[in-house]
Amino acid sequence: MEDNVLHIDWDVFHFLRPELLWLFAPLIIVSIIVMFSIKEEVKWAKVIAPHLRPYVIQKGSEKFKKIMQILVLISIGLGILGVAGPTWKKYELPEKTLESPLIIALDLSQSMMAKDIQPTRLERAKFKISDLLEANPKARIALIGFAGTAHTIIPLTKDYKIIESHISSLKPSIMPFPGSDLDAALKLTDSIKSVTTAPATLLLITDDLSENNFQQLQNFVNQGNVTVHIMPMNTPSGSEIPDPRFRNRTMKDADGNTVISSLNTLVLAKLKSIKNINITSLTLDKTDMQLLATDIASKVKFNEEQDETDQDWDDNGMFLAIPFAVLVLYWFRKGWVLFSMLTILTLNIGCREQGTPKINKEKTAEKFKDLWYSKDYQGQKAYNEGKYAAAAQFFKDPVHKGAAYFKYGDYESAIVEFKKDSTAVGKYNLGVAFYKNGDYLQAKNAFEEAIAINPHMNGVQKNLDQTRLVLSELSDSNLDKTMEVIDQGRADNIENEGLEDLGGGGQEATEKDMEKERKEETTQTDIVKAEELEELPDDYDPDKQPPISAQKILLRKIDDDPALFTQKKFIHQVKIRKMKPKNNLTKW
């Protein structure tokens, strides 16, 4: 403190609230009035005999009275300088810790089925991704696949088991369009990493790299905030590409020549020379992925300096208010000191109000409250009264501000405020706000982060389990067949007017039984059979038909292969987003 006060940098010295310096104007006027009053007292006091003056016009010492008047003026002047906020030094802002994400971009074009790398390029790529997850890079990982278009397979998550469960099912046939559009993959990567300002890492696993790809990658890293690791799944000698349409045939170009996919060593050498682009050599063991995971883990935490603002200057005027505070201690005394302070306070309020013409009564009352109550106190008072919208405007603390927005029902504003709190409680509140806003995936991530910070926090695990249950009942692709209550072909059946013989279970049907017409029973039940739904039936009227509970839908078949689900999800995304591949892409 002493070093800060004595060593003043006059080059940057300024006042945080210079408009309050206008208070010196009424102080000067009061000083002049005091000087003239002293002179008048001296003039008429001379007509009284000196030995009678102490008993007629004066209590105490005249000299002490003058000293007190001067001290009052000086202390008030110092107080004005103090509240004006003299400053010449900025205080250091704490760094904000961010987490660097990792995005894995996997090439799912047909050329990845070549067998120059055993068993195939794609299978080896899957092994390498599994090795990376096993090495635990400690970062949130997203997995995207690209061919003619690029799609997010798994969004950013720390649950590596989810990624592992999808890896084995990945193949070129799940992609909506053939080809290898690296530019689309880079744009999708940029979209995913935009959720944070921390530097991101891209692991690109592909086979064919052209001059055009070199330009795309160079432009991508020049934008900054990203490091690219390229793992080429190819060999210099190359290999033929199997044709997915015909067994034991290979892909051919427009001239009928067999297509050979080989490693472009010239492009790879040029990529090595670019800053923030690294080439990860393929090894037979797990050392390549272990080294990469170690490198990523060492950079997963990123300390970001907060932007400086005008509010970052250290207010050094408080010590100037000490003489003024000492003067206030004498306010309990009767006399001129009290009236002087009331006069200065009145002038102060008048000067502050003068700068804002035509202030309505509501604003005047609000400013009057600011003299006695802090903004947080007013916010808490409004919060207790159920005025949550007003409370959110008063609160300065993001936690209280977010709570007020949450109570008011403005969950998006609550999310913005809760994101500013990096504690376990803040992550928990953020998860609840995301859940109420319908963003269940983000809610799950927030609850998981809260548990990672404080595993013993009450209520988080229960909310996380509930969120996972909701996510399990939902599907990113929805369902792609309309709901059916009755099987096709059931219309051809004949209503059974009598009771069928249900005895003899386990017996084989005789030839005579097979010749009988199949009859059916009509039962009263609200259980419906359904296949995966993409949208509700056209004739479904929610006003006339009750909503169908998720627990009362019996799926006909659950496919064990997640590739079918991923394929349908990509098709749905293409349909909704109206995605189209580029015209110049090859089929491999």
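Start at helix α18, where A424, G426, K427, N429, L430, G431, V432, A433 and F434 are buried. Buried means under 20% relative accessible area, with a 1.4 Å probe and protein chains only. Helices are DSSP runs of H or I with at least four residues, strands are E runs of at least two, and both are numbered from the N terminus. Helix α18 covers residues 424–436, 13 residues in total. From first C-alpha to last, α18 reaches 19 Å, close to the 18 Å expected at 1.5 Å a residue. That expected span is 1.5 Å times one less than the number of residues. After α18 comes G438, with a positive phi near 90°.

This is a predicted model: local features need pLDDT of at least 70, side-chain atom pairs count only at pLDDT 80 or more, and totals for chains, interfaces and linings use all residues. Residues are numbered from 1 along each chain as its sequence is written, and side-chain values use heavy atoms, leaving out hydrogens and water.

Now find a helix pair. Helix α5 (residues 121–135) and helix α6 (residues 160–167) have axes that come within 10 Å and cross at roughly 165°. So α5 is roughly antiparallel to α6, a label for angles over 145 degrees. Axes here are lines fitted to C-alpha atoms over the stretch in contact, and angles run from 0 to 180 degrees between N-to-C directions.

Which residues in α5 meet α6? They are K126, I129, S130 and L133, and they meet Y160, I163, E164 and I167 in α6. Contact means heavy atoms within 4.5 Å.

Finally, zoom out. The chain holds 22 helices and 16 strands. Of its 588 residues, 35% are buried.

Notes: Buried means under 20% relative accessible area, exposed over 50%, partly exposed in between (1.4 Å probe, protein chains only). Angles under 35 degrees count as roughly parallel, over 145 as roughly antiparallel, 65 to 115 as roughly perpendicular and the rest as oblique.
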